[in-house]
Amino acid sequence: ALAHDAGPDSIADPMQRALRGARFLLQLAPIAGVVRPVLAAVEQHAHEEAPGRLVAPESRDLTTRIVQIARAYDALTAHGGREGRPDRVLALLLAEEGGRLDRTLLKLFAHAIGIYPPGTVVRLDGGEVGVVLRPNRDPERLDRPHVRLLLDPSGQPLAAAPVVDLAARDAHGFV
C-alpha cells in the first residue's frame with residue numbers, strides 16, 4: 001500500500017496519481033492480494049486531499065489507518081537530520097493533537113518498532129558504537145533497546161560483537 005502513488009510525478013493531481021498507482025498495483029498481483037491495500041491507499045488520499053475536512057480516524061478502514069501512520073513516520077524520518085531522528089519523530093507523532101492519526105494504532109506502532117528502530121546506529125554514553133537489534137519488550141523501557149556493539153570507545157572494531165540489553169541494571173544503575 002505504501003507504493004500506491006507509483007507512477008509519473010508529472011501528474012499534478014494527487015487523486016489522479018493515486019488512481020494511476022492503484023491501476024499499477026492491480027497489474028502486479030492477483031486481485032485478492034491487492035484490493036485492500038489499493039482501496040486503503042485511495043481512501044487515504046481522499047481523506048488527505050479533502051480541503052478543510054478532518055475525518056475521524058475511527059471512521060477509516062483499518063488498513064488505511066495503519067498506512068497513514070507508516071507514511072507519516074517514513075516521511076518524517078526519510079531525510080535524516082536532527083528532526084528526522086526516529087526518537088524525535090515518534091515523540092512528535094505521539095504528542096500530535098488534532099486526531100489525524102489513530103492514537104491506539106500509533107501507540108502499538110511505537111511499541112513494535114521502539115524509539116530506536118532495528119538498524120539504527122547508536123553511540124552509547126561510554127563511547128561504544130552499535131546497531132539496534134530490537135526494541136525492549138518493556139513498554140517503560142522503549143528508550144533502552146538491545147544493541148549489537150560494533151566499535152569500542154576508541155573506534156576499534158570489536159571481534160566478538162556482543163549484544164547488550166541497555167535496560168540491564170546492576171547495583172550502580174544501568175550497566
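1. Let's start with the largest pocket: strand β1 gives the largest share of its lining, three residues. A pocket here is an open set of points on a 1 Å grid over the protein atoms alone, with protein on both sides within 12 Å along at least five of seven lines, and lining residues have an atom within 4 Å of a point. Strands are DSSP runs (E, at least two residues) and helices are too (H or I, at least four), numbered from the N terminus.

2. Before going on, please note that this is a predicted model, in which local features need pLDDT of at least 70 and side-chain atom pairs count only at pLDDT 80 or more, while totals for chains, interfaces and linings use all residues. Residues are numbered from 1 along each chain as its sequence is written, and side-chain values use heavy atoms, with hydrogens and water left out.

3. Back to the largest pocket, which holds about 530 Å³ of space. That volume is the space filled by probe spheres set on the grid points, which are joined across faces, edges and corners. Its lining has 19 residues, and Arg123, Leu124, Asp125, Arg144 and Leu166 lie nearest the centre. By class, the lining has 11 nonpolar, two polar and six charged residues. Nonpolar covers Ala, Val, Leu, Ile, Met, Phe, Trp, Tyr, Cys and Pro; charged covers Asp, Glu, Lys and Arg; the others, Gly among them, are polar.

4. Now for the sheet. Four strands form an open, antiparallel sheet in the order β1-β2-β3-β4. Its edge strands, β1 (121-123) and β4, each pair on one side only; pairing needs at least two DSSP bridges between two strands. Inside the sheet, five bridges join β2 (residues 129-134) to the antiparallel β3. Follow glycine 130 across and you reach its bridge partner in β3, leucine 149.

5. Do look at alanine 161, in the loop between β3 (146-151) and β4 (163-165). This residue has a positive phi of about 45 degrees, although it is not a glycine. Alanine 161 counts as buried because its relative accessibility is 17%, and buried means under 20% relative accessible area with a 1.4 Å probe, protein chains only.

6. Finally, there is one salt bridge, meaning a side-chain nitrogen of Lys or Arg within 4 Å of a carboxyl oxygen of Asp or Glu. Aspartate 102 forms it with arginine 65, and their closest N and O atoms are 2.8 Å apart. The pair links distant parts of the chain, 37 residues apart: arginine 65 sits in helix α3 (residues 62-77), and aspartate 102 in the loop between α4 (86-95) and α5 (103-113). Both aspartate 102 and arginine 65 are buried.

Technical notes
Buried < 20%, exposed > 50% of the residue type's maximum accessible area, 1.4 Å probe, protein only. 1 Å grid on protein atoms, 1.4 Å probe; cavity = no way out; pocket = protein on both sides within 12 Å on 5 of 7 lines; lining within 4 Å.
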